[in-house]
Amino acid sequence: MKVHVFKSKEMIDQEVATLIVSKINAKPNFVIGLATGSTPLGIYQELISLYQQNKVSFKDVTSFNLDEYVGLEKMHPQSYRYYMNHHLFSKTDFNVENTFFPGETSENYDLLIASKGGIDLQILGIGGNGHIAFNEPGTSFDALTHETLLAHQTRLDNSRFFNSLEEVPTKALTMGLGSIMCAKEIILVATGLNKAEAVKSMIEGDINVNCPASILQNHINVHIYLDEDAASLLEGN
Ligand code: GLP
């Protein structure tokens, strides 16, 4: 794991977006794994801005989103399909036909990813309980894409996007930890004090299903981008 600590979230957003653009320019049919939540929003804004400056085209890029709620209409404002259309796809030249979500296709998601050559770069956030995508504590490290029950903490955390906790779905479809570990390269971004404990367990704790993100220690090409708050509990900080 390579850990990069930045003074501000804006600097991380610029750095990661610039990196993504350089990789797409080197390989126009790039396959990218995308995340939702508040963490990647700034990266997506930077990507839109670089697109508007003609520094990149996404027309031949294929994307695979990590996860999707079960039980929300595709166009529900809190569905992850709506989020991606709204925050990235509709504001760039992504070909929506090349953007994939678990549950939207009848094909096996992991086989579909493999048929496109695998994920070149997976973008990840992390939940306050150490989850990645919707792989909650206790999920097998070998799991592929599957349906899962959401942890109470995750529903509470995500209830800020809904009118009430009751409206937050109880289930989701998610790429498994085994699916995520197949990505050729992974960038995980975490900012804010509320992520500091999870970040410490992920980087300095044992590899343990209680912290799903700790499995990333076994991946050979992982970069962790942190702000100073998220890094504040790490040794040496
Ligand atoms: C959600 C998503 C994850 C995301 C996490 C953190 O539950 N399924 O992919 O990384 O929450 O979200 P945020 O970036 O809003 O803190």
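**Start of the chain**

Met1 sits in the segment before strand E1 (2-6); strands here are DSSP runs of E with at least two residues, helices are runs of H or I with at least four, and both are numbered from the N terminus. Before I go on: this is a predicted model, where local features need pLDDT of at least 70, side-chain atom pairs count only at pLDDT 80 or more, and totals for chains, interfaces and linings use all residues. Residues are numbered from 1 along each chain as its sequence is written, and side-chain values use heavy atoms, with hydrogens and water left out.

Met1 has 34% relative accessibility and so counts as partly exposed. The cut-offs are under 20% relative accessible area for buried, over 50% for exposed, and partly exposed in between, with a 1.4 Å probe and protein chains only. Together with Val3 and Val5, Met1 makes a nonpolar surface patch of about 210 Å². Patches take residues with over 30% relative accessible area and no salt bridge, joining like charges within 9 Å and nonpolar side chains (Val, Leu, Ile, Met, Phe, Trp, Tyr) within 5 Å.

**Buried positions**

Thr148 belongs to strand E7 (residues 146-149). Is Thr148 buried or exposed? Its relative accessible area is 12%, so Thr148 is buried. Leaving aside residues up to four places away in sequence, Thr148 touches Phe134, Thr170, Lys171, Ala172 and Thr174; contact means heavy atoms within 4.5 Å.

Helix H3 (residues 80-87) has Tyr80, Arg81, Tyr83, Met84 and Asn85 buried. Their cover includes helix H2 (41-52) and helix H5 (152-158), along with strands E2 (31-34), E3 (62-65), E4 (67-69) and E5 (99-100).

**The ligand**

Which of the 14 residues around the ligand come nearest? They are Ser38, Thr39, Asp67, Arg160 and Lys195, where a residue counts as near if one of its heavy atoms lies within 4 Å.

Now the polar contacts, meaning pairs of N or O atoms within 3.5 Å; within protein, one must be able to donate a hydrogen and the other to accept it, and residues adjacent in sequence count only if both atoms are side-chain atoms. The side chain of Asp67 places an N or O atom 2.8 Å from a ligand nitrogen. For Arg160, a side-chain N or O atom is 2.8 Å from a ligand oxygen, and a polar side-chain atom of His131 lies 3.1 Å from an oxygen atom of the ligand. Taken alone, the ligand exposes 390 Å², of which the protein buries 95%; these areas use the Shrake-Rupley method with a 1.4 Å probe, and for residues only the protein chains shown count as cover.

**Salt bridges**

How many salt bridges does the structure hold? There are 10, each a side-chain nitrogen of Lys or Arg within 4 Å of a carboxyl oxygen of Asp or Glu.

Lys7 pairs with Glu228, with the closest N and O atoms 3.1 Å apart. This pair links distant parts of the chain, 221 residues apart: Lys7 is in the loop between E1 and helix H1 (9-26), and Glu228 is in the segment after strand E10 (222-227). Lys7 is exposed at 65% relative accessible area, while Glu228 is partly exposed at 41%.

Lys9 and Asp13 also form a salt bridge, at 3.1 Å from N to O. Both lie in helix H1, 4 residues apart, about one turn of the helix. Asp13 is buried, at 6%.

Glu104 and Arg81 meet at 2.9 Å, N to O. Arg81 is buried, with 3% relative accessible area, whereas Glu104 is partly exposed, with 35%. Finally, salt bridges with shared partners join Lys27, Asp120 and Lys184 into one network.
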